[in-house]
Amino acid sequence: MKIGIIGLGTVGYGVVEILTEQKERLEKTIGEEVVIKYGCSLDDMDLPEGIIYTADYKDIINDDEVDTVVELIGGTTIAKTIILEALKRGKNVVTANKALIAHDGQEIFKVAALNNAKIYYEAAVGGGIPVVAPAKENLIANEIKKIEGILNGTTNFILTLMETDNLDFDEALTIADGLGFVEADASLDLDGIDAAHKIQILAMNAFEVFFDYKKIQATGIRKVTKLDMDYAKALGYRIKLIAQAKKLENGIGIDVSPTLIGTKDIVANVNQAYNVVEISCNYLENVIFYGKGAGRYVTASAVVSDIMKTHEQAVWSHDYNETDAIYPITFSRYYVRCDQPLDIDYDTYYSQGKDHIYITNEIEYSELEEQLKGYTTNLFKVRG
Ligand code: HSE
């Protein structure tokens, strides 16, 4: 196996290190030499002996000896060009590029199939936690009914900090940013877009449909206040940014939204920058994947595993039917805070100072919205 790695940033260099450190064991397992032939980056850098440095990705694409291209530059422009060119040359591709797969997966999979090449992207969701392969391969005996979880570590870190250190959203965001946790475009994390990319990828694999991730109703955490967290806590809940997807009779229910979760629920206890994915299916019932969703070696671990997978597995089909039947999941219990008493159907009521807090019974959002007309409220979904 001869590999070209394009993008030698945090994750890319981690891949170089793991492949170098684990070379002997990996080669023994797959029964073939594992050679990094090229490392490609715009910044000149020292690479371990034997790896050719290049600033031009075409050196890798044009080299017939390279059978596996690893794309780790991110973004949806040049990364797409690189991946398509590599696949058209019949090279297998491994990427961590969640935005690109969520945007252009369908086109990429078609080119891969046409050229009998493999494309793997386990690192795009949940960092090193295996979740894409379980959704597609390991649970194939089952009909997957629902996938939900915490797919964005940055927002989970911010929500955890707000709760444990009694901070406002802005204060917690400043700390997360200082630690380098927040994406260059902060909106990707804070507005639930990153989580939408990831739940799209999981839903595509679990339910065998492709859809434009922009159809996913994504709400981020900007409206979650410390006050709401305190009230949620008084009622036995925590607020987490939950991405969920489930099979409906007429399509796929899928959304990303801040959600109250009972404190005894495992998902409510996934804190800091950790991720969790819970898959519900008919035979295995519930299975939970928990771990670190970002970081150099964490993500590189999934990339290296995918590189190895290109060696031994037959090409899996990515033949997804296009669908427009994509809906937000609006039938839910809701947390409602209002500075006036409300005439709504509820399960739990609590009041403090001027605030009236309700946990409603299950209700269609449009119906609740109608009942709340004229009132100023803060409103979140409640899980379960
Ligand atoms: N910004 C992402 C997160 C990085 O916080 O989960 C890993 O995909």
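Trainee: Which residue in S11 is the bridge partner of Arg238?
Mentor: Before we look, keep in mind that this is a predicted model: local features need pLDDT of at least 70, side-chain atom pairs count only at pLDDT 80 or more, and totals for chains, interfaces and linings use all residues. Residues are numbered from 1 along each chain as its sequence is written, and side-chain values use heavy atoms, with hydrogens and water left out. Strand S10 (residues 237-248) runs antiparallel to S11, and 12 bridges join them. Within that pairing, the S11 partner of Arg238 is Ile261.

Trainee: How many residues does the hairpin from S10 to S11 pass through?
Mentor: First, the terms: helices (H or I, at least four residues) and strands (E, at least two) are DSSP runs, numbered from the N terminus. Two strands pair if DSSP finds at least two bridges between them. S10 and S11 are antiparallel partners, and the number of residues in the hairpin that joins them is 2.

Trainee: Let's go to the start of the chain. In what order do the strands of the open sheet there come?
Mentor: The sheet has 6 strands, and the pairing is parallel. Its edge strands are S3 (52-54) and S6 (119-120), each pairing on one side only. Inside the sheet, S4 (residues 68-71) and S5 (residues 92-95) share 4 bridges, with Glu71 partnered by Thr95.

Trainee: What angle does H1 make with the direction of S1?
Mentor: H1 (residues 10-21) packs on the sheet, touching S1 (2-6) and S2 (35-40); contact here means heavy atoms within 4.5 Å. Axes are lines fitted to C-alpha atoms, for helices over the stretch in contact, and angles run from 0 to 180 degrees between N-to-C directions. Several H1 residues are buried, among them Val11, Val15 and Ile18. The angle with S1 comes out at about 155 degrees.

Trainee: Now Phe109: what is its relative accessible area?
Mentor: Phe109 is found in helix H5 (residues 98-114). Leaving aside neighbours within four places in sequence, Phe109 is in contact with Ile101, Ile119, Tyr121, Met204, His318 and Tyr320. Phe109 counts as buried, because its relative accessible area is 1%.

Trainee: And Ile140, is that residue buried or exposed?
Mentor: Ile140 lies in the loop between helix H6 (132-138) and strand S7 (144-150). From Met45, 95 residues away in sequence, Ile140 is 43 Å away in space, C-alpha to C-alpha. At 60% relative accessibility, Ile140 is exposed.

Trainee: Zooming out, what is the radius of gyration of the protein chain?
Mentor: The chain holds 13 helices and 20 strands, and its C-alpha trace spans about 70 × 45 × 35 Å along the principal axes. The radius of gyration is taken over C-alpha atoms, and the globule rule is 2.2 Å times the number of residues to the power 0.38. For 384 residues a compact globule would be near 21 Å, which agrees with the chain's 22 Å.

Trainee: Last one: what percentage of the 384 residues is buried?
Mentor: Contacts give some background: of those with a separation of 6 or more, 71% are between residues 24 or more positions apart. As for buried residues, their share of the chain is 55%.

Notes:
Buried means under 20% relative accessible area, exposed over 50%, partly exposed in between (1.4 Å probe, protein chains only).
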